[in-house]
Amino acid sequence: MTVRAAGSRHIVLTGATGQIASLMVTHLAPRHRLTLASRTPPPTGQRSGIRHVTCDYGDVDSVVDAFRGADAVFVVTNDPTRPEHDRNIVRAAGRASVGHIVKLSAAAVRDAAAHDLITEWQRTNEDRIKSSGIPWTMIQPRSFMSHALAWASSIRGSGTTYALHPHSRNACIAPEDVAEVSARVLGDSRHHFRSYELTGPQSLSAHEQSEVLAEVLGRPLTCRELSREEAHATYAHRYSPVMADALLESAERQLAGAKAFTTDTVGQLTGRPATTFAQWATGHKDRFE
């Protein structure tokens, strides 16, 4: 039998098979009752004491069933072309009397010059939650360090990384830090109606990240600049064409310096320094070898 401390809550994590929610389980499982909700069937080898439900975000009743009895819900969606998913999640949270919504958003929503599809979608989602009447907290991270894993194959094959504007800087953050902050604020009234902009401790370019990876791996790497057309084709291979267009717009804002600013929010909320890219790369060295 699992024994949980006083103050245990029922917490629902949407996007349960995604990167951040998966990392949050480690922080939450010892103290709280967890329901993991995702659009795909539950994975094999589930941890005991954790409920996993298949949830159709296109069906509000399905979402209500997943949220029923929840003290707090962590909300993450990833398809700006399906706004009904986000609407249904907020409606379901109201119908299920959820006590707190923590939304994984993006730092770009704070940039008045950012009007790409992804940023506008996140702004709309934030506004919808803020007007729901449910206590909320917004988690607004900069780009994840784990995006460097897209280079893993080319690093193994040719010792090469690729980037549009390889010398433009981004204050990227370790997903593990985003997960820890999100887990700490869930269901905690001290964080109601607060928005937290999260960044890593330093602003790095793709070229500088490649130098760090070269040192970690102990072999030289070459960072090659992509043309705009090559970058769009790369994005479109992984995402929809409209998402690829949005990512190109985002890259232009990075070139203009919009993503270089750092915050110390991770340290304030966790009591430890934010993870450096070198630390993150060392911890994931095997993924590049």
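Predicted model: local features only at pLDDT ≥ 70, side-chain atom pairs only at ≥ 80, totals over all residues.
Two packed helices are described by the angle between their axes and the distance between the axes. Helix α1, which spans residues 19–28, meets helix α6, residues 175–185, with axes that come within 8 Å and cross at roughly 55 degrees. That angle makes α1 oblique to α6, and the crossing of the two helices is right-handed. On the α1 side, the contact is made by Gln19, Ile20, Leu23, Met24, His27 and Leu28. On the α6 side, the contributing residues are Pro175, Glu176, Val178, Ala179, Glu180, Ser182 and Ala183. Sorted by class, the residues of this contact comprise 8 nonpolar, 3 polar and 2 charged.

The crossing of α3 and α4 is right-handed. Asp86, Arg87 and Val90 form the α3 side of the contact, and Trp121, Asn125, Arg128 and Ile129 form the α4 side. By class, the contact of α3 with α4 holds 3 nonpolar, 1 polar and 3 charged residues.

Helix α6 also carries Asp177, a residue worth a look in the viewer. Asp177 has a relative accessibility of 1% and therefore counts as buried. Leaving out residues up to four places away in sequence, Asp177 touches Val266, Arg272, Ala274 and Thr275.

Apart from neighbours within four places in sequence, the contacts of Gln254 are with Ser168, Arg169, Asn170 and Lys259.

Attention now turns to the aromatic rings. A pair of aromatic rings is described by the distance of the centres and the angle of the planes. Searching the whole structure gives 3 aromatic pairs. One of them joins Trp280 and Phe288, with 6.2 Å from centre to centre and 80 degrees between the planes, an edge-to-face arrangement. Trp280 and Phe288 are both buried. Together with Phe277, Trp280 and Phe288 make up one aromatic cluster.

His165 has a phi near 55 degrees, which is a positive value in a residue other than glycine. The residue is located in the loop between β7 (160–163) and β8 (169–170). With a relative accessible area of 16%, His165 is buried, as the cut-off for a buried residue is under 20%. Phe193 likewise is a residue other than glycine with a positive phi, here near 60 degrees. Phe193 belongs to the loop that runs between α6 and β9 (194–198).

Terms used
Residues numbered from 1 in each chain as written. Heavy atoms only, no water. Axes fitted to C-alpha atoms, helices over the stretch in contact; angles between N-to-C directions. Helix = DSSP H or I, 4+ residues; strand = E, 2+ residues; numbered from the N terminus. Parallel < 35°, antiparallel > 145°, perpendicular 65-115°, else oblique. Left-handed = near helix turned anticlockwise from the far one by under 90°. Contact = heavy atoms within 4.5 Å. Nonpolar A, V, L, I, M, F, W, Y, C, P; charged D, E, K, R; others polar. Phe/Tyr/Trp six-rings, centres within 6.5 Å; stacked < 30°, edge-to-face > 60°. Buried < 20%, exposed > 50% of the residue type's maximum accessible area, 1.4 Å probe, protein only.
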